[in-house]
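Take a look at the model below. We will walk through a sheet and then a helix.

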Amino acid sequence: MPVLDFAEVSVRRGEAVLLDRISWQVHDGERWVVLGPNGAGKTTLLQVAAAQLHPSSGTAGILDAELGRVDVFDLRPRIGLTSAALAERIPRHERVRDVVVSAAYGVVGRWREDYDELDHERADALLIEVGVKHLADRTFGTLSEGERKRVQIARALMVDPELLLLDEPAAGLDLGGREDLVSTLSVLAADPASPATVLVSHHVEEIPPGFTHALLLRDGRVVSQGALEDVLTPESLSATFGMPLVLRHEAGRWSARRRHRRR
């Protein structure tokens with residue numbers, strides 16, 4: 001059974017069509033990147049996949065459930081999510097270890113929950129896995145943007161999710177921060193124990209080595225989808241971003257630039 005199974009999913013807001021009849025499947029073990037320009041519908045797609053938003057029409061299958069036929073509060077704890085909206089809700093005075101461990105209760109901001117030693121051990125192990133164990137006793141507000149992104153990924157993994165959704169995790173990072181994050185995500189992608197993963201991005205440079213599939217969106221519609229190396233072509237990328245692009249793939253990494261006509 002697919003981890004995600006969308007059939008003709010549309011999302012409308014008034015006269016605006018944010019997603020237009022999206023059919024898409026993600027299977028266990030796959031690592032997807034969703035690419036497209038601003039306004040393409042990427043974040044809306046991820047909100048549906050995270051059971052945060054119901055489609056206006058069509059069927060959204062998530063894990064072994066269908067949106068509209070399941071209590072989303074039972075479904076959401078099985079999904080790991082990082083997003084700018086979630087990051088804004090994390091108290092800046094919260095210790096990094098508590099940011100991660102509190103995901104076990106599905107809360108943002110530790111209160112009076114009782115965590116056992118296994119919870120703390122898992123939180124520490126995840127901080128090690130994403131390379132920020134040395135920050136465990138720092139407060140979230142004192143971290144750099146790149147460090148915060150890594151902490152959020154550790155938090156998303158805390159519940160041992162069956163699906164991991166990453167909404168523009170490299171947004172706002174400088175070159176060094178982006179490369180550190182891409183390296184971390186590549187390690188996760190290579191781990192067979194990692195959940196099925198969907199990464200949203202504007203930039204092919206942010207695709208970690210080890211990712212297997214791509215979905216290209218423009219104006220809420222699918223331009224192309226499938227195996228990464230079949231989908232990511234100069235023609236499909238140019239159609240997605242509405243300009244002629246040159247695409248390169250070297251040493252497991254992608255890059256793109258605008259094609260300029262010769263005079």
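This is a predicted model: local features need pLDDT of at least 70, side-chain atom pairs count only at pLDDT 80 or more; totals for chains, interfaces and linings use all residues.

Residues are numbered from 1 along each chain as its sequence is written, and side-chain values use heavy atoms, leaving out hydrogens and water.

Start with the sheet. Six strands form an open sheet, in the order E6-E7-E8-E3-E9-E10, with mixed pairing. Strands (E, at least two residues) and helices (H or I, at least four) are DSSP runs, numbered from the N terminus. Two strands pair if DSSP finds at least two bridges between them. Strand E6 (79–82) and strand E10 (221–227) each have a single partner strand, so one side of each lacks a neighbour in the sheet.

Now look at one pair. E6 and strand E7 (residues 163–167) run parallel, joined by four bridges. Gly80 has Leu164 in E7 as its bridge partner. Helix H6 (residues 145–157) packs on the sheet and touches E6 and E7. Contact means heavy atoms within 4.5 Å.

Next comes helix H5 (residues 117–129). Which of its residues are buried? They are Asp119, His120, Ala123, Leu126 and Leu127. Buried means under 20% relative accessible area, exposed over 50%, and partly exposed in between (1.4 Å probe, protein chains only). On the other side of H5, Glu117, Leu118 and Ile128 are exposed. The buried residues of H5 pack against helix H4 (96–101) and H6. After H5 comes Gly131, with a positive phi near 80°.

Key
Axes are lines fitted to C-alpha atoms, for helices over the stretch in contact, and angles run from 0 to 180 degrees between N-to-C directions.
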